[in-house]
Structure formats: C-alpha cells, structure tokens
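I opened a notebook page for this structure. Below is what I looked up, entry by entry.

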Amino acid sequence: MQNITGTLPIIPIQHYVLFCTLMFVIGVAGVLIKRNALVIFMSIEIMLNSINLLLVAFSVYHNDPAGQIFVFFVMIVAAAEVAVGLALVVMVYRHTHSIDIDFLNKLKW
Amino acid sequence: MITKYLFYFFSIVAIFASVMVLMSRKPIHRVLYLTLAFLALAGHFILLNAQFIAIVNVIVYAGAIMVLFLFTVMLLNLNVAMEHKKSNLIQITAIITAGLLFLTITGASKKLDLVYNEEQVVTQIGLVKNLGKILFSDFRLPFEVSGILFLSAMVGAVMLGKKTGD
C-alpha cells in the first residue's frame, strides 16, 4: 500500500515530457479547430490535465512535494472555471439557441 | 518491468481518447471519451505513486467535472450532431500550427538537462498523509483562499444561471 509500483526510474522522464507535449498539442488543436464551445472547454481540460501529469512526474523524480500541491490547486481552479464556464455556455445558449462561438462576434472589431 | 508496459498502455489509451474527443460526432461520446482520458491519467498518477493526486483526479475530474459536462449536454439537448465546421483552410492551418508547437517543445526539451538522482526517486511524498501535512502547514493560506474562490465561483454560476429580464 505504501509503494504500489516498486522502483520507479525504469521510465525515463523524457518519455513523460514527450507524452504530455503530445496531449497538450491535441488540446491546442482542439481549441483552434472547433467552433463548439463545449468542445473547446473539453480541450482546455485536456491541456490542464497533461500539464498536471508533467508536474507530478517532475515532483516525484525530484523528490519535491510542492509540485503535487500545485497540481491540487490547479485542479481546484479548474473546477471553479468549469462551473462558471458552463453557466456561461448555458446563458449563451439561452440567448442565441446555439453554442457556436462564431456567433459571438459583437466585440470582435 | 510491468510498470513500463502499463506506462505505454495508459499513454496510448489517453492519446486515443483525447483524439476521439475531437473526432467523434455525438457530444455524449465526446464527454465519455474525455472521462476515459482522465481515468488513464489517473492510472499514470498511480504509476508515479502519487496516490492523493490520483484519487483527487478521479473524484474531481472524472466525477464532478464530467457530471457537469454531461448535465450541460443533456440540459441543452445537444445530442444531435449539429455542428458547423470551420473552413478547411483554417483547419489545416490549425493542425500545422499545433504540429509546429509540438516540434518546438520536443526540440527544446531535447536540449534540456533533465538530471535526477536515481536513489532519491522511490519516495513516499505522494501519499495522503505526507501531502496533507504539507498542505495544512506550509500551504494554509492558499488552501483557505481556494475556499473563497470556490464560494465566489458558486455565486457567479448561480447568478449567471438565473433567468434574467423578468
């Protein structure tokens, strides 16, 4: 229970960097491609989670608990952000009957 | 040895699920694929022996946040694939931009000197007991402030969700 997985440094930390970068880039591509506000929120969640994994990996490999505390706060802020953001999405849907962000261009120019 | 295979398994599942979030047609499927990606990441956290973060990830992300997303999808009755795509030019540009970002970050991280002390690595810092001690001693003020942040987020969500104009 104290140590589930035995010795850790089998996996080089470069693999974690590569994997987290790939997931972050998928999130960036989602934000750039999609017009659906919900999918953009989900892409932001993917980005936040990939960064969380990288923070935990570095925290474990450098034996510094501050990284994991920081991940905890990132999760708190993400939860607050999702609550307000989804309320905004519901309000936008009530006004325009669509969650397409390209309709929200009143402040664009 | 099995740690290595589990690492690659969870990585492939997470990347597949997050690609499917962007590719699938129905909003419900997208939310469920996102939940799968979060569960795979929780597996990664357990592989790193970060048990507290793994449990919080499952409870907060795969539990609370995904339920919020599902409720929004159901309340807005979005389960019809009504989606106008962006033009092809914008899509190709976006994918090229994302690929260039990937190349830049990986190229930069090749030059990084990612040294770590191998004897130090097997640690117990991810356990609930140790993280809780640090959270309630060194990080008391941020913890309390995050409570206030939650309160204000709740007030904001209720204000926005209320019917206005009558």
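**Chain B, elements.** I counted 6 helices and 0 strands in chain B. I took helices (H or I, at least four residues) and strands (E, at least two) as DSSP runs, numbered from the N terminus. From the N terminus on, chain B reads α-α-α-α-α-α.

**Ground rules.** I noted that this is a predicted model, where local features need pLDDT of at least 70 and side-chain atom pairs count only at pLDDT 80 or more, while totals for chains, interfaces and linings use all residues. Residues are numbered from 1 along each chain as its sequence is written, and chains are lettered from A and ligands numbered from 1 in the order in which they are written.

**Chain B, burial and contacts.** I looked up burial next. Chain B has 166 residues, and 27% of them count as buried. A residue is buried if 20 or more other C-beta atoms lie within 10 Å of its own, exposed if 12 or fewer, and partly exposed in between; the C-beta atoms are placed from the backbone. I then took the contacts in chain B between residues at least 6 apart in sequence: 56% join residues at least 24 apart. Two residues are in contact if their C-beta atoms, placed from the backbone, lie within 7 Å.

Chain A has 3 helices and 0 strands. Its order from the N terminus on is α-α-α. Of its 109 residues, 48% count as buried. Among contacts in chain A between residues at least 6 apart in sequence, 48% join residues at least 24 apart.

**Where the chains meet.** I found 74 residues of chain B in contact with 61 residues of chain A. On the chain B side, the elements giving two or more residues are helix 1 (2-23), helix 2 (27-47), helix 3 (51-75), helix 4 (88-110), helix 5 (128-137) and helix 6 (140-161). Helix 3 of chain B gives the largest share of that side, 12 residues. By class, this side of chain B holds 50 nonpolar, 19 polar and 5 charged residues. I counted Ala, Val, Leu, Ile, Met, Phe, Trp, Tyr, Cys and Pro as nonpolar, Asp, Glu, Lys and Arg as charged, and the others, Gly among them, as polar.

**Helix 1 against helix 1.** I checked one pair across the chains. Helix 1 of chain A and helix 1 of chain B pack at about 5 degrees, with their axes 10 Å apart. That makes the two helices roughly parallel. Axes are lines fitted to C-alpha atoms, for helices over the stretch in contact, and angles run from 0 to 180 degrees between N-to-C directions. Angles under 35 degrees count as roughly parallel, over 145 as roughly antiparallel, 65 to 115 as roughly perpendicular and the rest as oblique. From helix 1 of chain A, residues including Phe19(A), Leu22(A) and Ile26(A) take part, and from helix 1 of chain B, residues including Ala14(B), Ile15(B) and Leu22(B). This contact has 10 nonpolar, 3 polar and no charged residues.

**Helix 2 against helix 3 in chain A.** Here the angle is about 175 degrees, and the axes of helix 2 and helix 3 of chain A are 10 Å apart. The two are therefore roughly antiparallel. Phe41(A), Leu48(A) and Val56(A) are among the helix 2 residues in the contact, and Phe70(A), Val74(A) and Val82(A) are among those of helix 3. The classes come to 14 nonpolar, 5 polar and 1 charged.

**The core.** Which residues touch the most other members of the largest nonpolar core? I found Val56(A), Ala57(A), Ala37(B), Phe45(B) and Ile53(B), in a core of 67 residues. A nonpolar core is a set of buried Ala, Val, Leu, Ile, Met, Phe, Trp, Tyr and Cys residues joined through C-beta atoms within 7 Å. Helix 2 of chain A gives the largest share, 15 residues. Domain 1 (1-82) and domain 2 (124-166) of chain B both give residues to this core, so it lies between them. Those bounds come from an automatic or database domain assignment. Not counting residues up to four places away in sequence, Phe45(B) touches Val56(A), Ala50(B), Ile53(B), Ala54(B) and Asn57(B).

**Val39(A).** My last entry is on a residue of helix 2 of chain A, Val39(A). Is Val39(A) buried or exposed? Val39(A) is buried, because 22 other C-beta atoms lie within 10 Å.
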